[in-house]
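Please consult the sequence and the coordinates alongside the text.

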Amino acid sequence: MIKTYSLNQKVVHCREGLCVIFSETTINGNEYFVVKSTTGSGENIYVLKTKTENIIRPLMSVEEAKEIIKYMNSVEAEFINNTKQRRDIYKRKLGSGNVMDLAYLAKQLFLFHYLNAKGTVVKLGPTDIEMLQNADKILFDEMSLVFNINNDEIKPFLIKKYNLIY
């Protein structure tokens, strides 16, 4: 099933984060949405219209964002000692296109910093931290648009207004 998107619509790309659909094109008989990251390199990203699921998605609604905040408050620390297994899980969640997976990873980043600050040593490699930071950025960039709040103010806003534990 082809999802309906329109030109200039803001969407979330599973790897690039916030993007805008700026055109449509046909290549070798296949129809594509052409999207550009709002924060990245500005390169064209071609998304096959029949394969949009798990690649791009519309921005969440305010109600969906509130549900994600509730979910994030319920997420507990889960740091897998096996590096390969942990990275595979993080990579799969980051690339899933699922906002709940992003919320899970963003909360793990918070818990990693929180636990280390409290003296509980949690060891993650630079690759792990980079994936968690990427998920955090994608999620909170989207929430800043949803709530119409500047990026640097979104976390304090959500903490104060919606009791986000972050």
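In what order do the five strands form an open sheet? In this predicted model, the order is β4-β3-β2-β1-β5, and the pairing is antiparallel. The structure also holds nine aromatic pairs.

**Sheet**
- Strands β4 and β5 (56-58) are the edge strands, each of which pairs on one side only.
- On average, and with direction ignored, neighbouring strands of this sheet are turned by 50° against each other.
- Strand β1 (residues 10-13) and strand β2 (residues 17-27) run antiparallel and are joined by four bridges.
- V12 has L18 in β2 as its bridge partner.

**Helix on the sheet**
- Helix α4 (residues 126-146) lies across β1, β2 and β5.
- The direction of helix α4 is at about 90° to β2.

**Aromatic contacts**
- An edge-to-face aromatic pair is formed by Y32 and Y46, with 6.3 Å centre to centre and 85° between the planes.
- This pair links distant parts of the chain, 14 residues apart: Y32 belongs to strand β3 (residues 30-37) and Y46 to strand β4 (residues 44-48).
- Y32 counts as buried because its relative accessibility is 17%, under the 20% limit.
- Y46, at 43% relative accessibility, counts as partly exposed.
- One aromatic cluster is made up of F110, Y114, F140 and Y166.

**Charges over rings**
- K36 places its charged end over the ring of F22, 4.9 Å from the ring's centre.
- K93 lies over the face of Y104, at 4.7 Å from the ring centre.

Note on methods:
Residues numbered from 1 in each chain as written. Predicted model: local features only at pLDDT ≥ 70, side-chain atom pairs only at ≥ 80, totals over all residues. Heavy atoms only, no water. Phe/Tyr/Trp six-rings, centres within 6.5 Å; stacked < 30°, edge-to-face > 60°. Helix = DSSP H or I, 4+ residues; strand = E, 2+ residues; numbered from the N terminus. Buried < 20%, exposed > 50% of the residue type's maximum accessible area, 1.4 Å probe, protein only. Lys NZ or Arg CZ within 6 Å of the ring centre and 35° of its normal. Pairing = 2+ DSSP bridges. Axes fitted to C-alpha atoms, helices over the stretch in contact; angles between N-to-C directions. Contact = heavy atoms within 4.5 Å.
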